Amino acid sequence: MCISLLFPSDYFYPSKIDATYEREHLVASESGLFDVFLFPYDQFIEKGNTKLFPGDDSIPFYSAQNFIYRGWMLKPDQYNSLYSSLEKKHIRLINTPEEYELCHFFPKVYPYVKDDTPRILWFPKDTLINYNIVLSTFNQFIIKDAVKSVKGSDFPTSFKSSELTPETLHEYVSKFIQLRGTLYDGGIVFKEYVPLKVYGSTTNEYRAFYLKGHVLSVSKNSEQGLDTPFVPKYLIDKYRHLNSSYYTIDFAELSNGEWVIIEAGDGQVSGLSPSQLVFKYYEEMNIIYKDWLDSYANKRLGLSGTECRFLQRYFPDFNLDNMRTNNELLATLHDLSMEHIDSNSKIDYLGVQLEIIIDSIACND
């Protein structure tokens, strides 16, 4: 196993999975493909507690650098705190704080997807909103923050500029911020309204997960029927290489039959679709990640996937990302091997394996 998964635990019982993620946790655990851990999400938010279950000392060396979080949303500063806390335990989450914020805040990813998504105007937190510009830019628009809109209330789903004044729009923005409460994040986003195709009573939306430059899964995301059109493959493939290791993009069919991007998100905090085949999802995740690890090690430094996993397992402080050239890698491996020669010039098992790796790299260079 080369990947560890991190799920939120129950509020009262840190050794129990949060009920919302019970299905995913069960499938991932029973697959035998992952090392699976829990952490007290609520205690982390309240007190910064990142104690894992099973204990921190039970994390295999070889998967500590390949952790994927699957859980509740975190604000960017909270994710940064989690990332830093886990890094002190020699645990590395798949996405850096910068990668997380890129897809978590839609305005951040907007420049990369603007050709295929409705226009937006973004006013970050604590900046003055120019309501006149908003009203002159859009005929019809929706109000959201950098992450989400308001659902489950009587707040309007869209607004027509012709029916508003700057003053009334300001009142709606204030109401939106109030309704979002502590979840409000990243400022106000005004997004151009586009009419979606409706089949019966449902729209036609799909969620695509991307992992290490590959399409991990694409599944129906609005409980639409089986006979609705599928999102065009060229559009899915077009966004395989955003500056993030693990993310989602939501696509929707317009009333005229064209397709647009309506949302993006960090893969770690994006929920699976209602009809998602969970086992297939995690099986594919394992395949893609192992293939990436093999390819990454081989292309950059001439290491095989097996050699890479050996180094991660027995030398947790060894970081491939810091190796820029083969000479630098060889020098580092040589220094490590010297630590495994005793006073009688005898080399132990780990030292022998290191020497074999060194010889292999040198022969291929």
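**Notes on the predicted model**

1. The axes of helix H4 (residues 76-87) and helix H5 (residues 97-104) come within 9 Å of each other, crossing at roughly 155°. Because angles over 145 degrees count as roughly antiparallel, H4 and H5 are roughly antiparallel to each other. The crossing in which H4 passes H5 is right-handed. On the H4 side the contact is made by Pro76, Tyr79, Asn80 and Tyr83, and on the H5 side by Pro97, Tyr100, Glu101 and His104. By class, these residues comprise five nonpolar, two polar and one charged.

2. Glu101, Leu102, Cys103 and His104 of H5 are in contact with Phe106, Lys108, Val109 and Tyr112 of H6. This contact has five nonpolar residues, one polar residue and two charged residues.

3. The loop between H4 and H5 contains histidine 90. This residue has a positive phi of about 65°, although it is not a glycine. Most residues other than glycine have a negative phi. With a relative accessible area of 45%, histidine 90 is partly exposed.

4. A positive phi is also found at lysine 212, where the value is about 50° although the residue is not a glycine. Lysine 212 is placed in the loop between S10 and strand S11 (214-220). Its relative accessibility is 17%, so lysine 212 counts as buried, the limit for this class being under 20%.

5. A further backbone feature concerns phenylalanine 53 and proline 54, which are joined by a cis peptide bond with omega of about -10°. Most peptide bonds are trans. Proline 54 lies in the loop between helix H2 (41-47) and helix H3 (61-64).

6. Is asparagine 204 buried or exposed? Its relative accessible area is 0%, so asparagine 204 is buried. The residue is located in the loop between strand S9 (202-203) and strand S10 (205-211). Its side chain makes a polar contact of 3.2 Å with the side chain of threonine 228, and another polar contact, of 2.9 Å, joins it to the side chain of glutamate 253. Neighbours within four places in sequence set aside, the residues in contact with asparagine 204 include Lys197, Tyr199, Ser222, Gln224, Phe251 and Trp259.

7. Leucine 135 belongs to helix H7 (residues 131-137). With a relative accessibility of 16%, leucine 135 counts as buried. Not counting residues up to four places away in sequence, leucine 135 touches Phe141, Ser161, Leu164, Thr165, Pro166 and Leu169. Leucine 164, one of these, is 29 residues away along the chain, and the two C-alpha atoms are separated by 7.8 Å.

8. Some figures for the whole protein chain complete the note. The secondary structure comes to 13 helices and 13 strands. Of the 365 residues in the protein chain, 49% are buried. Among contacts between residues at least 6 apart in sequence, 66% join residues at least 24 apart.

How values were computed:
Residues numbered from 1 in each chain as written. Predicted model: local features only at pLDDT ≥ 70, side-chain atom pairs only at ≥ 80, totals over all residues. Heavy atoms only, no water. Helix = DSSP H or I, 4+ residues; strand = E, 2+ residues; numbered from the N terminus. Buried < 20%, exposed > 50% of the residue type's maximum accessible area, 1.4 Å probe, protein only. Contact = heavy atoms within 4.5 Å. Axes fitted to C-alpha atoms, helices over the stretch in contact; angles between N-to-C directions. Parallel < 35°, antiparallel > 145°, perpendicular 65-115°, else oblique. Left-handed = near helix turned anticlockwise from the far one by under 90°. Nonpolar A, V, L, I, M, F, W, Y, C, P; charged D, E, K, R; others polar. Polar contact = N/O pair within 3.5 Å; in protein donor to acceptor, adjacent residues only side chain to side chain.
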